Amino acid sequence: MSVPLTFLGLLERAPSHGYDLKRDYDAFFSRGKPLPFGQVYATLGRLARDGKVVVAESEAGAGPERKRYVITDKGATEFETWLAEPVEAVPHLQTVLFAKVVLALMLGRDAEGYLDAQRSAHLRRMRELTEVKRTGGLVDALLADHGLFHLESDLRWMDLTAARLDALAETVRS
């Protein structure tokens, strides 16, 4: 997730204070990993330095002045370009999962036991995401579905790999 580009999108919607950007980012994009305030203001500082946002006005408050940030034409153009580009469809050809299976086989270790343990971890996470779908709103449900589909794909791969462990063992040991 690109925090700077996400902020530009949120600012295109409306000028905002850093606190408001953090709140909206956390509500829609962070999913249990809130953005630290330090990262919010460091990101806004870089966006301002690069001419993608400007401070429109400051408001006095009990603490430091609250700055309202506004996207510039340069920032809007960068955001529009990013939004129009499809996300790269990266097949995960070198995953940790694959590396662990191959290394276990190369070293004569229990690759099937590793796959079983990983399958259990995936199923546990799938139950958690299913609960999120059941109890959360639409945003949570869609994000949970995305995670579930990836986990289902991994499970299919694990089943296929488990069925081919003997052949894979011969290949990696030769």
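This briefing covers the sheet, the nonpolar cores, the salt bridges and a surface patch of the structure above. The model is predicted. Three strands form an open sheet, and the structure holds 11 salt bridges. The largest nonpolar core has 18 residues, and another core, of 16 residues, lies apart from it.

**Sheet**

- The strands of the open sheet follow the order E1-E3-E2, and their pairing is antiparallel.
- Strand E1 (16–17) and E2 are the edge strands, each of which pairs on one side only.
- Six bridges make up the antiparallel pairing of E2 with strand E3 (residues 66–71).
- Val 54 has Val 70 of E3 standing opposite.

**Nonpolar cores**

- In the largest nonpolar core, the residues that touch the most other members are Val 101, Leu 105, Ala 111, Leu 115 and Leu 165.
- Two or more residues of this core come from each of helix H5 (96–106), helix H6 (111–135), H7 and helix H8 (165–173).
- Leu 165 is in contact with Val 101, Leu 105, Ala 111, Glu 112 and Leu 115, when its neighbours within four places in sequence are left aside.

- Side chains of opposite charge can pair when their charged atoms come close.
- Arg 13 and Asp 24 form a salt bridge through their side chains, at 2.4 Å from N to O.
- This pair links distant parts of the chain, with Arg 13 in helix H1 (residues 3–13) and Asp 24 in helix H2, 11 residues apart.
- Arg 13 is exposed because its relative accessible area of 52% is over the 50% cut-off.
- Asp 24 counts as buried because its relative accessibility of 10% is under 20%.
- A further salt bridge joins the side chains of Asp 20 and Arg 23, at 3.2 Å from N to O.
- Both Asp 20 and Arg 23 belong to helix H2, where they are three residues apart, about one turn of the helix.
- Asp 20 is buried, at a relative accessible area of 17%, whereas Arg 23 is partly exposed, at 43%.

**Salt bridge between Glu 78 and Lys 52**

- The side chains of Glu 78 and Lys 52 also meet in a salt bridge, at 2.7 Å from N to O.
- Glu 78 is in helix H4 (residues 73–84) and Lys 52 is in the loop between helix H3 (37–49) and strand E2 (53–59), so this pair ties together parts that are 26 residues apart in sequence.
- Glu 78 is partly exposed, with 30% relative accessible area, while Lys 52 counts as buried at 13% relative accessibility.

**Nonpolar surface patch**

- Phe 28, Phe 29, Val 139 and Leu 143 make a nonpolar surface patch of about 310 Å².
- Helix H2 (18–30) and helix H7 (138–163) each supply at least two residues of this patch.
- Phe 28 is located in helix H2 and is partly exposed, with a relative accessible area of 40%.

Key:
Residues numbered from 1 in each chain as written. Predicted model: local features only at pLDDT ≥ 70, side-chain atom pairs only at ≥ 80, totals over all residues. Heavy atoms only, no water. Patch = residues over 30% accessible without salt bridge, like charges linked within 9 Å, V, L, I, M, F, W, Y side chains within 5 Å. Areas by Shrake-Rupley, 256 points an atom, 1.4 Å probe, with all protein chains shown as cover. Salt bridge = Lys/Arg side-chain N within 4 Å of Asp/Glu carboxyl O. Helix = DSSP H or I, 4+ residues; strand = E, 2+ residues; numbered from the N terminus. Buried < 20%, exposed > 50% of the residue type's maximum accessible area, 1.4 Å probe, protein only. Core = buried A, V, L, I, M, F, W, Y, C linked by side-chain atoms within 4.5 Å. Contact = heavy atoms within 4.5 Å. Pairing = 2+ DSSP bridges.
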